[in-house]
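Student: Could we go through this model together? I would like to begin with where the chains meet.

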Amino acid sequence: MPNKKTSLLKRVGAVALAIALTVGVVMPVLADNTPFQGYTYNHWSALVPSPVAYIPLRSFTAADIDPSLVAFIDAADIHVCPYGYILVVDTGNNRIVIFDQRLQLYRVIYGFYQDGQWQTFDRPNGVFVTRHRELFIADTFNERVPILDWAGSFIRQLETPQAEGLADDFAFLPVSIVVDRGGRTYVIVQRVFEGIMNFDLHGNFVGYFGTIEVQRQWIEIFWRFFMTETQIERQHRFIPTEFQGMALDEYNFIFTTNLEPWGSNNQVMRLNPRGEDVLLNINENVTVSGDQRFRTFGSLAGPSQLIDIIARPGGMISALDRTRGRVYTYDSEGNLLYVISGWGHMEGMTRRPVALEMLGDDIIILDAHHGRIVQFTPTEYGALINEAIYLRYTGDEIGAVYAWRRLVALDENFQLAWAGIGRSMLAEGNNAAAIYYLRRGMDMVHFSIAFRRHRLEVMQGILPTVFNVGTGLIGLLLVYKITKAVRRRLADA
Amino acid sequence: MIKRIFGFYALPMRIIARPFAGFYAMKFEEKGTVRLALFNFFLVLLSFAFSNQFASILVDERHPLTINSVSDAFFLIATLLLFCVANWSVTALTDGEGRFKDIVMAVCYAMTPLVLTIVPATILSNFLSAEETGLYFLLMGAGVFYFVLLVFVGLLTVHNYGAVKMVITLLLTIVSILVIVFLLTLTFTLFQQLYSFLYSVYTEIIFRI
């Protein structure tokens with residue numbers, strides 16, 4: 001009983017939210033003046049135009065934060081800490097700039113005292129703030145990861161690991177850092193192809209984490225049969241691509257991106273604690289790799305290169321594409337939800353995007369070319385998708401139906417919304433209707449479930465009649481035969 | 001009654017049951033007719049169209065707009081022609097006894113398993129959930145497998161070949177298919193060039209008059 005009550009409450013809440021979204025004038029319903037267009041891919045990997053999910057809200061440079069700050073040069077990373085402060089790793093100026101969400105400068109870190117010595121950074125590339133307000137800074141060319149407290153004083157540091165098997169000229173060039181709840185540190189190191197370097201709570205190197213499989217072409221293997229030893233020796237080695245971006249989700253799983261030369265395989269991995277890829281991509285027609293179709297030469301050509309990723313509420317992920325400056329958002333099942341931004345000079349576009357973060361519901365992108373941060377805020381369309389996906393992810397498929405229905409009204413071509421309605425009907429037990437919606441949304445997994453249940457219902461309805469009539473007919477036939485036989489006997493007698 | 005209606009289809013059924021005897025009867029006892037063979041092929045085209053139209057979404061996920069039964073039919077006709085011509089061109093040189101007519105008949109009569117499986121499998125697919133679609137593919141696969149087997153037996157009988165020679169001529173048939181396709185492409189490009197040349201001559205003249 002209490003269950004029903006909460007679900008009713010949730011439903012009322014969802015209705016209220018839907019009404020607020022519909023009536024409210026705060027959010028633009030559908031944006032028509034954005035410099036980019038929204039699109040997604042349908043089940044068959046065909047491009048479908050869609051409303052814009054996020055619109056540019058504002059953009060700001062170093063001068064907007066504080067007039068005395070010099071402009072960002074080659075800024076490499078942006079990080080929103082658990083306490084709401086925004087950190088920008090300003091690589092060219094060798095500093096970390098910390099400010100709050102009202103664009104008030106909080107602190108600039110140029111260096112720290114270690115054993116009484118003033119230490120500066122040398123082209124830092126990444127930063128991470130833990131729950132305990134410890135700053136992990138990827139001080140790339142100093143080959144170390146200093147760990148500072150919130151006041152900026154030195155605690156300890158990660159250095160070049162002393163481990164067997166590492167080359168003598170091994171250079172520890174950290175570029176990206178993530179620290180999980182257990183204190184394990186994951187570091188992406190430049191020119192390390194074995195995987196992400198994993199350090200324990202005390203800063204000891206534990207091993208490599210997650211590996212990218214090299215895709216070998218069969219033609220290469222074929223040619224190897226005809227090669228001499230020297231030829232094989234002189235041939236270039238097949239090494240996997242490097243990891244590009246990392247993000248930690250709520251379950252301490254790590255999302256990573258890596259470059260993929262042909263753009264036909266997933267560029268995103270979801271690594272479980274054992275370092276295995278557990279990313280879901282239910283519709284394999286559309287891979288988690290940004291654009292499915294692209295020009296092969298010319299300007300803005302080539303496959304998407306996802307260089308940064310963030311984990312969002314509701315199991316969603318957003319990934320940043322370096323090739324065309326777009327941000328792709330996927331749900332926990334690997335469906336592309338919406339695409340925002342692009343390459344260009346207008347407000348809301350970027351020239352050289354390098355990093356991506358969430359600021360509440362907003363998305364911020366760091367554009368290294370302009371030394372600028374662009375902030376995007378959801379339209380009603382985007383907010384509805386976020387809400388529906390969140391509700392579905394938390395198991396409230398029935399509550400999500402209001403958002404899905406509104407989405408269908410806004411954009412009839414959005415297959416995921418049809419599938420969402422179908423799934424809510426499946427959860428309600430309305431199998432016949434669910435079949436229609438799931439078919440329309442091309443959700444084959446749930447279509448099959450709904451179909452099986454519906455088939456069972458129909459069978460349960462029909463079979464008793466069939467069996468009754470069948471038994472009756474057989475009975476009649478028996479009676480007929482018996483009477484006939486008896487009559488013949490009587491006639492004979 | 002049944003015999004009277006389906007009597008004309010006796011030979012295809014006999015071929016299914018006893019391939020060697022059936023194909024022997026088709027050629028050497030003059031039981032086979034080209035008309036019935038082509039009708040059999042037409043039934044296959046119809047079955048494919050039926051499958052395109054009515055197969056369950058779980059076994060055929062293609063977008064409806066990408067399905068075209070007419071172009072499918074043309075493709076099948078072209079493939080049949082290409083295979084028969086190629087096979088004829090090879091076997092004529094390697095002491096094959098089959099005439100072109102016999103080759104077409106053998107291939108078309110061999111299609112009976114497809115006629116018998118595609119439609120029932122398509123109907124069945126509408127009662128299957130995703131986990132059970134294996135049944136559909138098993139049925140279809142069995143049909144195709146038996147079709148290939150029958151083509152092999154049919155051509156073997158028609159040409160009066162041994163199995164090894166048959167395999168070799170089939171491989172040569174594939175080579176000759178490639179040659180034919182290559183020559184066709186070449187001819188098409190040539191005609192295209194010729195056309196564009198004549199067209200540019202025409203425009204030159206038009207502009208000067």
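**Chain contact and chain B**

Tutor: The contact takes seven residues from chain A and six residues from chain B, where two residues are in contact if their C-beta atoms, placed from the backbone, lie within 7 Å.

Student: Which helix gives the most to the side of chain A that touches chain B?

Tutor: That is helix α9 (residues 444–492) of chain A, with five residues. Helices (H or I, at least four residues) and strands (E, at least two) are DSSP runs, numbered from the N terminus.

Student: And by class, what does the side of chain A that touches chain B have?

Tutor: That side of chain A has three nonpolar, one polar and three charged residues. Ala, Val, Leu, Ile, Met, Phe, Trp, Tyr, Cys and Pro count as nonpolar, Asp, Glu, Lys and Arg as charged, and the others, Gly among them, as polar.

Student: Before going on, what conventions apply?

Tutor: This is a predicted model, in which local features need pLDDT of at least 70, side-chain atom pairs count only at pLDDT 80 or more, and totals for chains, interfaces and linings use all residues. Residues are numbered from 1 along each chain as its sequence is written, while chains are lettered from A and ligands numbered from 1 in the order in which they are written.

Student: What does the model score, and what pLDDT does chain B average?

Tutor: The model has ipTM 0.83 and pTM 0.84. Chain B averages a pLDDT of 93, and 100% of its residues score at least 70; pLDDT is the predictor's confidence in each residue, from 0 to 100.

Student: How many helices and strands has chain B?

Tutor: Chain B has nine helices and zero strands. Its radius of gyration is 22 Å, well over the 17 Å that the globule rule gives for 209 residues, so chain B is more spread out than a compact globule. The radius is taken over C-alpha atoms, and the rule is 2.2 Å times the number of residues to the power 0.38. Along the principal axes, the C-alpha atoms of chain B fill a box of roughly 75 × 50 × 35 Å.

Student: How much of chain B is buried?

Tutor: Buried residues make up 29% of the 209 residues in chain B. A residue is buried if 20 or more other C-beta atoms lie within 10 Å of its own, exposed if 12 or fewer, and partly exposed in between, with C-beta atoms placed from the backbone. As for contacts in chain B between residues at least 6 apart in sequence, 74% join residues at least 24 apart.

Student: Let us take one helix. What is the reach of α4 in chain B?

Tutor: Helix α4 (residues 34–54) of chain B has 21 residues and reaches 30 Å from its first C-alpha to its last, close to the 30 Å expected at 1.5 Å a residue. The expected span is 1.5 Å times one less than the number of residues.

Student: Which residues of α4(B) are buried?

Tutor: The buried residues of α4(B) are B:Ala37, B:Asn40, B:Phe41, B:Leu43, B:Val44, B:Ser47 and B:Ser51. They cover an arc of only 150° around the axis, which puts them on the same side of α4(B); the arc is that of the directions from the helix axis to the C-beta atoms. What covers them includes α2 (10–17), α5, α6 (100–109) and α7 (112–125) of chain B. The face turned away from that buried side carries the exposed residues B:Val34, B:Arg35 and B:Gln53.

Student: Where is B:Ser69 found, and what is B:Ser69 in contact with?

Tutor: B:Ser69 is found in helix α5 (residues 69–91) of chain B. Leaving aside neighbours within four places in sequence, B:Ser69 is in contact with B:Phe48, B:Ala49 and B:Asn52. B:Ser69 counts as partly exposed because it has 15 C-beta neighbours inside 10 Å.

Student: What does B:Phe100 touch?

Tutor: Not counting residues up to four places away in sequence, B:Phe100 touches B:Cys84 and B:Trp88. B:Phe100 lies in helix α6 of chain B and is partly exposed, with 14 other C-beta atoms within 10 Å.

Student: Changing topic to chain A: where is A:Asn94 found?

Tutor: A:Asn94 is found in the loop between β5 (86–90) and β6 (95–99) of chain A. Its phi is near 50°, a positive value in a residue other than glycine.
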